[in-house]
Amino acid sequence: MVRRRSPYGNLTATFIAIGAALVITFILLSVGSKNPGKAIGAFFLGPFSNTYYLGNMLNSASALILTGLGVGLAFRAGVFNLGGEGQVYVSALATTMILLRLPALPGVVGVVIGVLAGCAAGALLAGLSGLFKQLWGTDELITSFLISAALVPTVDYLIIGPLRNQKSNLLTTKEIASQYHLLRLLPPSHLNLTLIIAVLSALLLFFILYYTVWGYELRLTGLNREFSRYGGISIGVYTVMPMVLSGALHGAAGAFTVMGTYHASISGFTSGYGWNGIAVALIGRNNPLGVIPAALIFTYLAAGANAALLHTDFTFELGAIIQAVIFFFITAQIWVPRLFPSRKAEVDA
Amino acid sequence: MIYNALEIMTPLLIAGLGGLFTELAGVLNIALEGLMLAGAFGAIVGTAATGSLLAGIICGVGAATLLAALYAYFTTRLRANIFIAGLAVNLFSAGVIPFISTGLYGTKGVLKFNAVGQIPHLFGHVQVHIPILQDIFFGHNVTVYLALLLVLFVYLILYRTPFGLRLRALGKNEELLTSRGLSPERYRIYAILISGVACGLAGSALSLRLGVYLPNITAGRGWIALVTIYLGYRHPLGILAAAFFFAVMESLAGAAQGLIHIPGTVLLGVPYAVTVIAMVIYSIVRHNRLRRQRLYR
């Protein structure tokens with residue numbers, strides 16, 4: 001059965017994937033730029049050139065830690081959440097709407113309500129896919145993607161249409177009240193408290209996964225469902241719950257993006273958070289602690305790509321290409337089977 | 001409306017039939033979307049370069065098959081996770097096509113060429129006295145009829161040849177093949193390549209019918225095609241019915257836009273919503289049937 005081979009790469013594969021992404025990036029930059037040396041220099045050094053770029057890079061990483069944790073948690077339990085894009089976007093709008101309608105409250109209370117609203121929206125969307133899977137065996141991989149894809153245009157419409165701030169030139173909603181803005185850590189960049197919260201979430205999730213019975217049962221279910229069922233673990237719980245939590249983490253990413261970075265919902269502003277979260281989870285090998293450096297590496301690559309594109313003759317979706325290359329290589333077993341040919345590999349060949 | 005539905009159905013049906021091969025071989029192929037996109041782009045570029053529709057279709061099929069070969073190589077020889085590699089294919093198309101497009105034509109937007117002609121209409125000369133029937137039966141371009149012929153062809157391959165038998169056996173139990181000295185890996189590669197060829201054809205039909213390539217022209221059709229395989233009970237005729245159902249839904253949605261006011265942006269999400277609802281209903285029906293079978297046993 002190839003259908004559900006475990007999506008954990010090994011560390012060698014991670015390095016190969018990142019290396020391959022770099023090689024492809026250099027090739028594309030050499031083709032697309034009259035001055036490849038300058039573009040490649042910008043790729044490496046651009047993100048560090050000043051505190052604004054550095055802070056924004058760390059800020060993007062903090063949202064990706066949250067979505068990466070969400071994707072990784074689902075993977076660990078053996079379920080797939082491909083609906084991250086929609087979950088982040090819908091939750092971001094939900095947080096914005098709640099905060100716009102709240103009466104003037106103390107900042108902390110409003111922030112907590114905002115986060116809860118975001119988490120609830122994300123949890124609901126992903127939980128639906130988990131529930132369908134549990135009740136009728138509907139493939140959660142496909143339904144989570146489809147539900148998300150169906151809702152993204154609706155959110156687009158709401159932001160562009162009925163909820164649009166007519167005074168702004170951007171396609172954006174009204175701005176939330178200033179007491180709900182999160183503390184900026186490195187002005188003038190967007191870096192804010194989200195980073196600390198994301199890192200704490202990763203630590204908490206690591207503790208839950210590896211030091212509690214719940215986490216043990218979840219991981220066991222992910223490794224072998226039949227065995228776990230035989231061992232008396234309620235499989236249903238570990239189908240629905242990981243999806244709900246995964247959605248909640250995506251929702252948190254949406255909520256914090258609103259409260260920390262943009263202070264409003266802008267058309268398409270969380271585009272890529274879901275797919276990038278998958279890349280981050282895979283680079284981090286679905287380990288909550290691995291997700292932190294993975295998010296940093298990934299945003300560094302993305303920020304470098306953006307910096308380098310300023311030195312090319314035309315813009316293109318370098319980010320998507322980098323991601324595609326990483327996805328191709330990250331779970332591939334390039335060296336391992338060749339160096340240590342196992343008995344099974346011989347039978348297959 | 002049925003005329004419209006048949007036109008919309010064609011790419012869905014072809015991609016679904018291709019996906020059936022991978023599905024029966026036990027591979028959940030989420031790369032259909034990216035493969036179709038590569039086909040659509042390749043077909044327009046090929047036709048624009050040569051002025052020949054046939055050469056364009058060959059380019060489209062070639063592009064999609066090449067990408068499918070990459071997909072097959074990573075998932076079988078390098079043992080990459082099938083879903084992650086599938087996502088990679090989709091992202092690869094979405095990223096590389098704008099790169100090539102800007103490199104060749106200086107734009108990553110709409111590609112429209114004068115050299116791209118109309119797909120010929122097969123029965124243009126046939127005259128029937130009832131105009132509606134005339135359109136529905138004889139008014140389509142060649143691809144519609146070819147797609148319908150393809151249903152029969154795929155049925156014959158899957159159910160009347162040793163190759164089809166082996167492919168279906170592979171999906172049920174890999175060891176059935178190994179016990180006969182056949183390589184499951186090889187048949188999986190064949191299945192992925194066939195799905196690539198089909199997606200290339202589907203993409204070509206999509207872009208050549210319009211005569212233009214638009215960014216994200218597939219707009220989720222690869223995913224819908226994947227779902228038609230389930231809804232069609234993994235049978236070519238079932239896929240035909242499911243693809244027709246989706247096509248009718250889409251042309252209804254198009255017609256509804258004129259009657260009641262639905263914002264165009266929201267409409268983009270409707271195919272996905274219909275697909276997910278159909279998929280859930282299908283699984284409920286299937287679930288209940290399985291449970292009944294278990295009760296009677």
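These legends accompany several close-up views of a predicted model.

**View 1. Chain A is built from helices, with no strands.** Along its principal axes, the C-alpha atoms occupy a box of roughly 65 × 55 × 35 Å. A compact globule of 349 residues would have a radius of gyration near 20 Å, and the 21 Å of chain A agrees with that. Buried residues account for 57% of the 349 residues in this chain. If we take the contacts in chain A between residues at least 6 apart in sequence, 78% of them join residues at least 24 apart.

**View 2. Chain B meets chain A through 45 residues on each side.** Here 45 residues of chain B are in contact with 45 residues of chain A. On the chain B side, the elements giving two or more residues are helices H3 (53-77), H4 (82-105), H9 (184-210), H10 (221-231), H12 (264-267) and H13 (270-296). The most comes from H4(B), with 14 residues. Sorted by class, this side of chain B holds 29 nonpolar, 11 polar and five charged residues.

**View 3. Leu87(B) touches residues of both chains.** Stay with helix H4 of chain B, where Leu87(B) has its place. Leu87(B) counts as buried because it has 25 C-beta neighbours inside 10 Å, and the cut-off for buried is 20 or more. Leaving aside residues up to four places away in sequence, Leu87(B) touches Ile278(A), Phe327(A) and Ile30(B). Another distance to look at is the one to Glu33(B): the two C-alpha atoms are separated by 9.5 Å, while the residues are 54 apart along the chain.

**View 4. Arg285(A) has a positive phi in a loop of chain A.** This arginine lies in the loop between helix H11 (273-283) and helix H12 (288-309) of chain A. For background, most residues other than glycine have a negative phi. Arg285(A) counts as buried because it has 20 C-beta neighbours inside 10 Å.

**View 5. Arg234(B) also has a positive phi.** In chain B, the loop between H10 and helix H11 (236-259) holds Arg234(B). The phi of Arg234(B) is near 55 degrees. With 16 C-beta neighbours inside 10 Å, Arg234(B) counts as partly exposed, whereas Arg285(A) of the previous view counts as buried.

Conventions:
Residues numbered from 1 in each chain as written. Chains lettered and ligands numbered in written order. Predicted model: local features only at pLDDT ≥ 70, side-chain atom pairs only at ≥ 80, totals over all residues. Helix = DSSP H or I, 4+ residues; strand = E, 2+ residues; numbered from the N terminus. Rg over C-alpha atoms; globule rule 2.2 N^0.38 Å. Buried ≥ 20, exposed ≤ 12 C-beta atoms within 10 Å, placed from the backbone. Contact = placed C-beta atoms within 7 Å. Nonpolar A, V, L, I, M, F, W, Y, C, P; charged D, E, K, R; others polar.
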